[in-house]
Protein chains: 2
Amino acid sequence: MTDIPEKIEDLAKKANQASLRIANLSTEIKNKALDNIAETLLNNKSEILKQNAIDVSEAEKNGLSKSLLKRLILTDEKIDELIKNVISVKNLEDPVGKTLSAVELDTNLELYQITCPIGVIGMVFESRPDVLVQIASLCIKSGNAVIMKGGSEALNSNKCLHSLITQSISSANPLFKDSIILFETREEVDVILKMDKYIQLLIPRGSSSFVEYVKNNTKIPVLGHSEGICHIYVDKYADRKKALDICFDAKCQYPAVCNAMETLLVHRDIANSFLPDMIKKFKNAGVEIRGCPETISIVNDIKLATEQDWRTEYNDLILSIKIVSDIDEAVEHINHYGSHHTDAIITEDNERGKKFLNFVDSSSIMQNCSTRFSDGYKYGKGAELGISTNKIHARGPVGLEGLVIYKYILIGNGHTVSQYVGENAKNFTHRKIV
Amino acid sequence: MTDIPEKIEDLAKKANQASLRIANLSTEIKNKALDNIAETLLNNKSEILKQNAIDVSEAEKNGLSKSLLKRLILTDEKIDELIKNVISVKNLEDPVGKTLSAVELDTNLELYQITCPIGVIGMVFESRPDVLVQIASLCIKSGNAVIMKGGSEALNSNKCLHSLITQSISSANPLFKDSIILFETREEVDVILKMDKYIQLLIPRGSSSFVEYVKNNTKIPVLGHSEGICHIYVDKYADRKKALDICFDAKCQYPAVCNAMETLLVHRDIANSFLPDMIKKFKNAGVEIRGCPETISIVNDIKLATEQDWRTEYNDLILSIKIVSDIDEAVEHINHYGSHHTDAIITEDNERGKKFLNFVDSSSIMQNCSTRFSDGYKYGKGAELGISTNKIHARGPVGLEGLVIYKYILIGNGHTVSQYVGENAKNFTHRKIV
């Protein structure tokens, strides 16, 4: 722990203490805090835009990439959207204090498993200052403290938003003090990654390489995904129109996102009849096609896909296409080259559909619909913390449930374990109450 | 990945492939495999004992510590116990394929959240060969593959048990091939810790320092606990008899385990009347007492507790005692010095009890019963994977539920996301089905 500056460690300790205080706040108080934030953001739009403009002008001077710049810029509409998000988090059910199970171990000895906050969440993000507001709202609603570190390119925006948020929540209840900490630029992301003593879960938001860097440099559990290499397999029993529409939607509706299709797999028996029209549709939309040799033998004038293509998340109007002999080959390709994010089958044969759904090892698997549905809002979660490609804790689109864990509470009446061992041992009843 | 020997990586790849095959095995096949194991262990007792005797004699020569030696030795009774455990795992409900939630997103667009295995579990353990059988059974029942590395002191026992188990499951179904891999002594634990590409969850079993070493040297999520510093707080409204019995049970019934009490906190108002009898009872049982200055002023002839005592898991007949001014001080002490494992309050005042249960940040919190109840079997889980002090995924005593995660399955009928955006956008229904 020698590498953590004392001042930083002190802030982390304060966040820890705050997390214990706010773990049991009532839904009413948490909702009041969220209402205050929404109101304060509305009343301070011009100040937010002013601070953001400083960041943007600085970023332009420093030659920040266009895509990062786009994510940095706040507008009147974006702030309205943010305010709407805060209210929608407020309207979600409180995830804390729910009874997950209850068992009578013996007469008057009852065990309850109750949801509770995780403690202190670490949030590291690039560029987008709106992420700060989103994550703060989710942490407030779930009773967690949060330590944040944004990119230096958004420093003024982040400081402004953080200050407005902390004012808002402290006026809702003084117990919120120190529960949302923002680290400023002079402290490095690396310091957060080292604070496994104080932070129970890390949520990185940014480019794949950024998330990968976080995962590789911390002992703290990380909730996030680094890549979305999503596939659609068009089966020989696919409905032709559904296949054309869904594949087009999955690639073209919003190609820059993680749940867009990157590789199309097509059953050999229908490749001749399906691929020419499909590829024509894609080409008309400006999609660059990279095909396996067999694809090229059907539709010429396309690039040859390399081994690297099957492993690539283009996030762009590029698509690789491979012809496969059957579901087994499709499943194998997906499990081998995919990123366990979202994959779909198009088939009218539900037995074959079921096989695909069973054997593909991804967080979301779909039949006869677009991979683009893989998203917290579309899944009805109300708010999305992120899409997780982890295989523990929370997987796929994650909402508030990713920010809670549980505690066991056992209420007895003088019960000792020695009563349950030896000659006249009592027996456990283990009767489910809930 | 350069440090992983090719042969080892090859085995890990095979375990990965196996994990995909066994993820969907029927309950019937998995139960058959467990039945086979029980039968094979019963039929090969003498061989197991013979191989174990080689390890034991070698360990004695090498001067293995008495406590490790005790854990290494298998007996006829221990094997019977193991067989019983295998059957009890068989009798547990299959944790795979359960529907956790189901939501209609729109007409004919239905989302299911279904439990599934995690994939490949990494198991590293010291000394106790019985752990191999326990974890193998739990992985089989939950459809996970497992890569194991035992201690070199138990090599012959482990090889024998592993060979009997792999025979048993392969004869139940050939798909089990390569699903339980044992690494032998020449490969180091460190190699397993590096295989984050192949292993999704690590379960270490052994001393606190061993678990700590594992946690500090891997990027793989670790399920386990390193320490159990458990407290009982005797409130001013405690029932005297319950307090005496429970505290005695929590310290003396089995002092070597993680859920035994290490520190007793007593409310100042009852310290004078309670502590002399309590300490006498402890001293009669051979417990060494280390008290705060105030405790010593009430009962002399005891050692002074140092700052280090509050942080120590004795796992022995030693107890530290501190007098506190009220619940708040007790809670603060527990959250500061404890290990977030199991802590109890003795009080007849349920309001005060509730405060304690709410504000202590531990995986199990108890009122009027012994901390020794914190255990998977006693909690009715049928089998225990371990007790987790993690705050994500699984916390407290963990059974089969710690070995599963979920996948989302979305079934549509040609649904595209573009239908839900723009001018004539369709609306989601988000109607709960389950």
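This report covers the confidence of a predicted model, the relation between its chains A and B, and one helix pair in chain A.

## Confidence

The structure is a predicted model. In chain A the average pLDDT is 94, and 99% of the residues reach a score of at least 70. For the complex, the predictor gives an ipTM of 0.94 and a pTM of 0.93. Where pLDDT is low, the predicted coordinates should not be read in detail.

## Relation of the two chains

Two copies of a chain are related by a rotation about an axis and a shift along it.

In chain B, H393(B) has the C-alpha nearest the axis, at 1.8 Å from it. Both copies use the same surface: of the contact residues of chain B, 100% recur in chain A.

## A helix pair in chain A

Helix α2 (residues 27–43) of chain A and helix α6 (residues 130–142) of chain A have axes that come within 8 Å and cross at roughly 160 degrees. Angles over 145 degrees count as roughly antiparallel, so α2(A) is roughly antiparallel to α6(A). The crossing of α2(A) and α6(A) is right-handed.

On the α2(A) side, the contact is made by K30(A), A33(A), L34(A) and I37(A). On the α6(A) side, S137(A), I140(A) and K141(A) take part. Sorted by class, the contact of α2(A) with α6(A) has 4 nonpolar, 1 polar and 2 charged residues.

Key:
Residues are numbered from 1 along each chain as its sequence is written. Chains are lettered from A and ligands numbered from 1 in the order in which they are written. This is a predicted model: local features need pLDDT of at least 70, side-chain atom pairs count only at pLDDT 80 or more; totals for chains, interfaces and linings use all residues. Copies are superposed by least squares on the C-alpha atoms of residues with pLDDT of at least 70 in both. Two residues are in contact if their C-beta atoms, placed from the backbone, lie within 7 Å. pLDDT is the predictor's confidence in each residue, from 0 to 100. Axes are lines fitted to C-alpha atoms, for helices over the stretch in contact, and angles run from 0 to 180 degrees between N-to-C directions. Helices (H or I, at least four residues) and strands (E, at least two) are DSSP runs, numbered from the N terminus. Angles under 35 degrees count as roughly parallel, over 145 as roughly antiparallel, 65 to 115 as roughly perpendicular and the rest as oblique. A crossing is left-handed if the near helix is turned anticlockwise from the far one by less than a right angle, and right-handed if clockwise. Ala, Val, Leu, Ile, Met, Phe, Trp, Tyr, Cys and Pro count as nonpolar, Asp, Glu, Lys and Arg as charged, and the others, Gly among them, as polar.
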